[in-house]
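Please look over the sequence and the model shown here before reading on. The briefing that follows takes up domains, sheets, a cavity and some backbone details in turn.

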Protein chains: 2
Amino acid sequence: MPKQRAKGPQQLQGGSAPSPITLGGRRVTILDVAERADVSVSAVSKVVRGAYGVSPQMQTRVTAAIEELGYRPHTGARTMRGRSYTVGVVLVELTSPFQTEVAQGVSDALTDTPYQDVIVTGGTTPERQTRSIEALLDRQVDGLLLVAPWLDAESIDKFAKIVPTVTIALHGSPVGFDTVVDDERLGARLMVDHLVANGHRRIVHTSMPSAAWEKKFVLSHTARRQGFEQAMRGHGLEPDIIETWYSEQGGHDAAMQALTRSKPPTAIFAGADISALGTLRAAEELGLQVPEDLSVVGYDNIYASTINRVSLTTVDQSGQHTGEAAVRCLMERIEGRTEPKKFVVAPELVVRGTSGAPAKRTKRQRTPAAS
Amino acid sequence: MPKQRAKGPQQLQGGSAPSPITLGGRRVTILDVAERADVSVSAVSKVVRGAYGVSPQMQTRVTAAIEELGYRPHTGARTMRGRSYTVGVVLVELTSPFQTEVAQGVSDALTDTPYQDVIVTGGTTPERQTRSIEALLDRQVDGLLLVAPWLDAESIDKFAKIVPTVTIALHGSPVGFDTVVDDERLGARLMVDHLVANGHRRIVHTSMPSAAWEKKFVLSHTARRQGFEQAMRGHGLEPDIIETWYSEQGGHDAAMQALTRSKPPTAIFAGADISALGTLRAAEELGLQVPEDLSVVGYDNIYASTINRVSLTTVDQSGQHTGEAAVRCLMERIEGRTEPKKFVVAPELVVRGTSGAPAKRTKRQRTPAAS
DNA sequence: GGCCGCGTGTGCAACGTTCTACGAACAAGG
DNA sequence: CCTTGTTCGTAGAACGTTGCACACGCGGCC
């Protein structure tokens with residue numbers, strides 16, 4: 001048995017003891033456990049951490065005392081010398097379905113480890129993101145999981161120097177940290193292929209402006225747009241992009257712009273489901289039948305897209321798997337790995353009711369009435 | 001100036017100093033600041049905490065040093081003697097739109113305070129809830145915000161003894177903690193009134209079973225069901241309830257059960273929007289027009305309900321306001337209040353396209369074809 | 001002038017844990 | 001019997017902060 005190799009730290013979060021003896025309302029400390037088991041504090045610490053050099057007798061003795069007293073380590077005190085057993089997850093907003101799914105995946109992947117995840121929101125500005133991350137750093141998290149961070153690579157590298165870091169949905173070649181991404185260029189290609197196979201030629205992609213700091217790394221929307229461009233050129237088609245914002249209103253506005261042209265598209269590929277919903281509203285307002293007059297597709301497979309009445313064709317990226325992969329990367333980093341890793345999750349095309357072949361019409365005509 | 005009254009603790013989370021001097025990669029400590037400002041450690045601590053007994057000169061001097069060095073207090077160390085400036089928020093799941101909205105409200109309300117919110121998920125079992133709360137307690141949170149906790153009153157009281165606690169969406173009369181609730185009995189009544197005013201008499205409410213521990217306190221679904229019963233009786237109608245689960249499938253199943261009766265209802269009041277969506281699917285499968293053949297309404301006003309193609313009549317409860325109110329309660333408790341408080345947020349009826357008058361028919365007939 | 005009180009600043013003992021360094025006990029090999 | 005090694009257990013110094021207890025200096029009042 002190699003000497004330095006420690007066993008995994010003992011699980012200490014699995015519910016409290018049946019009837020913990022309270023010591024005058026005071027929290028039970030490692031000292032109380034040591035007294036009860038009649039061993040040294042260090043010994044208890046060893047057992048708790050699953051460190052090397054404890055006999056089976058010691059193990060059982062201390063464990064019994066811990067159970068009896070309902071001892072739980074004080075995380076604050078722990079952070080002063082060792083770990084906090086806490087992983088910080090930074091999401092942009094709680095309202096993003098993909099991001100919360102990722103967080104759920106993280107949570108699930110962490111349940112069998114001694115680590116606990118805590119979630120904070122970071123918003124869409126570098127300032128707020130920085131603020132949130134620093135708050136986590138103040139709390140001495142052992143790892144950082146940044147989901148779609150609105151932050152330049154230098155800033156992320158700075159944080160990654162302090163604590164193991166994994167980013168999610170940030171496309172690029174990492175140096176000091178790991179990345180887990182959905183292959184959004186592939187996803188965009190799958191969708192373009194689907195539309196082209198259905199006979200579409202005039203396809204508009206609605207996107208949003210890239211942030212100034214997106215250089216070495218790009219966020220999802222930029223990756224999707226690039227994938228769209230590549231795929232269209234691959235089919236010998238000229239990419240046609242309208243930039244608004246990933247929102248219902250943004251999708252509506254972009255669609256209005258596209259559909260009131262003299263030569264409107266037969267398909268609109270919204271960069272996100274949320275804007276595809278706005279696109280559907282625009283189509284309805286213009287009296288266009290979907291998918292007969294216009295195919296509308298999105299990306300993300302949010303819950304609303306699955307609803308019977310919506311039934312949006314989209315691309316699914318498993319947030320669950322993404323979160324799990326991110327946790328694996330992070331654990332490896334916490335264990336000591338330093339060379340960067342890049343994990344790619346495969347997206348999947350989900351064909352539903354809003355896409356189809358464009359209607360064959362001998363003469364171009366529009367009838368904006370007839371609800 | 002009263003002696004014991006401390007000023008509010010100084011804000012220390014607002015972004016780092018422009019160019020923090022790093023001391024060999026080590027974190028800047030209060031000692032470094034003290035040396036730099038040539039004062040005692042205690043003095044720096046006083047300034048940081050905004051404690052009583054600092055002269056303006058001291059204030060500016062120390063603040064300058066803090067800025068120059070980019071000092072940030074170590075939360076772990078802080079918890080050993082004082083506060084962690086952390087508020088723990090326990091949600092059931094990240095996928096619940098109302099709960100994430102509450103969390104967002106909490107986050108917003110906390111931005112101008114020195115407190116930081118961290119979110120964890122607690123699931124729908126007492127065991128997991130306990131586990132999550134204990135993880136937060138290990139991290140010495142200064143306050144606990146429990147959103148729809150699946151936990152009996154005794155357990156919550158136990159935690160409330162350790163740390164200031166506010167529950168959200170838990171109906172009852174609290175003793176050791178505060179509650180913030182949406183008036184769900186009123187919300188249910190508003191909806192019943194709306195349906196009855198439209199001429200409905202046969203109204204089915206779809207709910208879910210109450211948990212065994214719901215005695216002194218009840219969760220939202222139970223409060224809604226009670227509100228439904230009261231409102232129906234108020235109109236001289238017999239309450240008709242089907243219990244499945246708050247989910248798309250649950251709503252579908254309940255609707256199928258109700259609609260295949262010999263005397264089916266003219267309106268289904270789903271206890272939650274999510275199940276109303278399943279109800280809509282069931283209606284479609286049976287070839288029923290909504291709202292002509294069947295009115296379908298929900299509760300929660302989730303995002304999907306707002307979509308043009310769904311347009312579900314529902315009840316809105318502002319998660320944002322709820323979160324803000326909860327933070328106010330919690331801050332008061334942290335400041336020392338001990339008598340329990342109960343805050344009630346008013347719900348609002350949102351009439352959309354899925355509710356209307358039942359079709360007048362001389363003879364009862366069903367035509368389940370004709371899409 | 002001595003005393004009190006007040007306003008400021010400081011010294012230092014906690015707080016609960018980790019982990020290095022070391023000691024004790026014991027076994028095996030020369 | 002001494003040395004060497006291995007295994008198990010312990011002592012005790014950190015870690016960064018808080019806040020009590022106290023010291024100091026300065027006016028004002030008897």
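## Briefing

Taken over C-alpha atoms, the centres of domain 1 of chain A and domain 2 of chain A are separated by 31 Å, the domain bounds coming from an automatic or database domain assignment. This is a predicted model, in which local features need pLDDT of at least 70 and side-chain atom pairs count only at pLDDT 80 or more, whereas totals for chains, interfaces and linings use all residues. Residues are numbered from 1 along each chain as its sequence is written, chains are lettered from A and ligands numbered from 1 in the order in which they are written, and side-chain values use heavy atoms, with hydrogens and water left out.

**Domains of chain A**

- The assignment for chain A gives domain 1 as 9-78, domain 2 as 86-182 + 319-346, and domain 3 as 184-317 + 351-370.

**The sheet of chain A**

- Four strands of chain A form an open sheet in the order 9-7-10-11, with parallel pairing; helices (H or I, at least four residues) and strands (E, at least two) are DSSP runs numbered from the N terminus, and two strands pair if DSSP finds at least two bridges between them.
- Strand 9 (240-243) and strand 11 (295-297) of chain A stand at the edges with a single partner strand each, so one side of each has no neighbour in the sheet.
- From one strand to the next the twist averages 20 degrees, where axes are lines fitted to C-alpha atoms, for helices over the stretch in contact, and angles run from 0 to 180 degrees between N-to-C directions.
- Helix 8 (residues 184-197) of chain A packs on this sheet and touches strand 7, strand 10 (267-270) and strand 11 of chain A, its direction making about 170 degrees with that of strand 10 of chain A; contact here means heavy atoms within 4.5 Å.
- Helix 9 (residues 220-234) of chain A lies across strand 7, strand 9 and strand 10 of chain A, and runs at about 165 degrees to strand 7 of chain A.
- Strand 7 (residues 203-207) of chain A runs parallel to strand 9 of chain A and is joined to it by four bridges, and Val204(A) has Asp240(A) in strand 9 of chain A as its bridge partner.

**The sheet of chain B**

- In chain B, an open sheet of four strands has the order 9-7-10-11, again with parallel pairing, and its edge strands, strand 9 (240-243) and strand 11 of chain B, each pair on one side only.
- Strand 10 (residues 267-270) and strand 11 of chain B run parallel and are joined by three bridges, with Ile268(B) standing opposite Val296(B) in strand 11 of chain B.
- Helix 9 (residues 220-234) of chain B packs on the sheet, where it touches strand 7 (203-207), strand 9 and strand 10 of chain B, and its direction makes about 165 degrees with that of strand 7 of chain B.

**The largest cavity**

- A search of the whole structure finds four cavities of 30 Å³ or more, a cavity being a set of points, on a 1 Å grid over the protein atoms alone, where a 1.4 Å probe fits but cannot get out, with lining residues having an atom within 4 Å of a point.
- The largest cavity holds about 200 Å³ of space, a volume being the space filled by probe spheres set on the points, which are joined across faces, edges and corners.
- Of the 18 residues that line the largest cavity, Thr75(A), Thr86(A), Arg139(A), Thr86(B) and Arg139(B) are the closest to its centre.

**Backbone details**

- Most residues other than glycine have a negative phi, and most peptide bonds are trans.
- The peptide bond from Val290(A) to Pro291(A) is cis, with omega near 10 degrees, and Pro291(A) is found in the loop between helix 11 (273-285) and strand 11 of chain A.
- Val290(B) and Pro291(B) are likewise joined by a cis peptide bond, with omega about 10 degrees.
- Asp300(A), in the loop between strand 11 and helix 12 (303-306) of chain A, has a positive phi, near 130 degrees.

Methods
1 Å grid on protein atoms, 1.4 Å probe; cavity = no way out; pocket = protein on both sides within 12 Å on 5 of 7 lines; lining within 4 Å.
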